[in-house]
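Here is a short report on one protein chain.

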Amino acid sequence: DYIPGLNFSHKPRGNLRDYIRWNTGVGATKYNLTKPSLIELVLQPFFPLWSVLFLFLLLVLIHRIEIIGLILVLGWAFFLLALYLKTKPFPLLIQRREKIGISLISILTVVPFLIYLRQICINIGQIRKFLKQKSPSGL
């Protein structure tokens with residue numbers, strides 16, 4: 001739960017590569033704590049193949065750019081709505097945006113993209129750890 005007087009911070013990631021590395025490490029740690037099966041990892045909504053498959057099907061099955069754009073915009077709106085309704089930090093970020101110094105357009109575009117990327121990297125970190133532990137040599 002959110003505790004107003006509690007402050008938590010960590011070293012900011014200087015670039016996207018460091019952000020990706022850090023989140024993949026988070027995934028490895030998460031794997032160590034939960035030990036999910038391969039099926040559980042693959043069925044997670046942020047399994048990387050699902051995004052690639054979605055875009056591939058979108059491009060193959062739909063030949064009108066307007067419809068593709070509409071589907072992507074509606075998908076993004078659904079993702080924003082899920083972030084707002086199902087997480088505690090996202091609505092708090094919107095409420096405190098002026099104090100923090102972040103624009104609403106950044107909150108609605110960049111922040112969700114980074115959250116999406118974070119979840120994919122966490123999933124990749126979990127899969128890497130799973131494969132490393134299941135391989136005979138432990139590589």
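## Surface patch, cores and a loop residue

Leu61 lies in helix H3. The model is predicted. Is Leu61 buried or exposed? Its relative accessibility is 61%, over the 50% cut-off, so Leu61 counts as exposed.

Leu61 also belongs to a nonpolar surface patch of about 970 Å². Which helix gives the most to the patch? Helix H3, residues 48-61, does, with eight residues.

The largest nonpolar core has eight residues: Phe79, Leu80, Leu83, Phe90, Leu93, Ile94, Ile107 and Val111. Helix H4 (65-86), helix H5 (89-95) and helix H7 (104-134) each supply at least two residues of this core. A second core is separate and has five residues, among them Tyr31, Leu41, Ile127 and Phe130.

Leu83, a member of the largest core, is in contact with Phe90, Pro91, Pro112 and Ile115, leaving aside neighbours within four places in sequence.

Lys35 sits in the loop between helix H1 (16-34) and helix H2 (38-42). Its phi is near 45°, a positive value in a residue other than glycine. Lys35 counts as partly exposed because its relative accessibility is 46%, which falls between the 20% and 50% cut-offs.

The two accessibility values are set out here.

| Residue | Relative accessibility | Class |
|---|---|---|
| Leu61 | 61% | exposed |
| Lys35 | 46% | partly exposed |

Terms used. Residues numbered from 1 in each chain as written. Predicted model: local features only at pLDDT ≥ 70, side-chain atom pairs only at ≥ 80, totals over all residues. Heavy atoms only, no water. Patch = residues over 30% accessible without salt bridge, like charges linked within 9 Å, V, L, I, M, F, W, Y side chains within 5 Å. Areas by Shrake-Rupley, 256 points an atom, 1.4 Å probe, with all protein chains shown as cover. Salt bridge = Lys/Arg side-chain N within 4 Å of Asp/Glu carboxyl O. Helix = DSSP H or I, 4+ residues; strand = E, 2+ residues; numbered from the N terminus. Buried < 20%, exposed > 50% of the residue type's maximum accessible area, 1.4 Å probe, protein only. Core = buried A, V, L, I, M, F, W, Y, C linked by side-chain atoms within 4.5 Å. Contact = heavy atoms within 4.5 Å.
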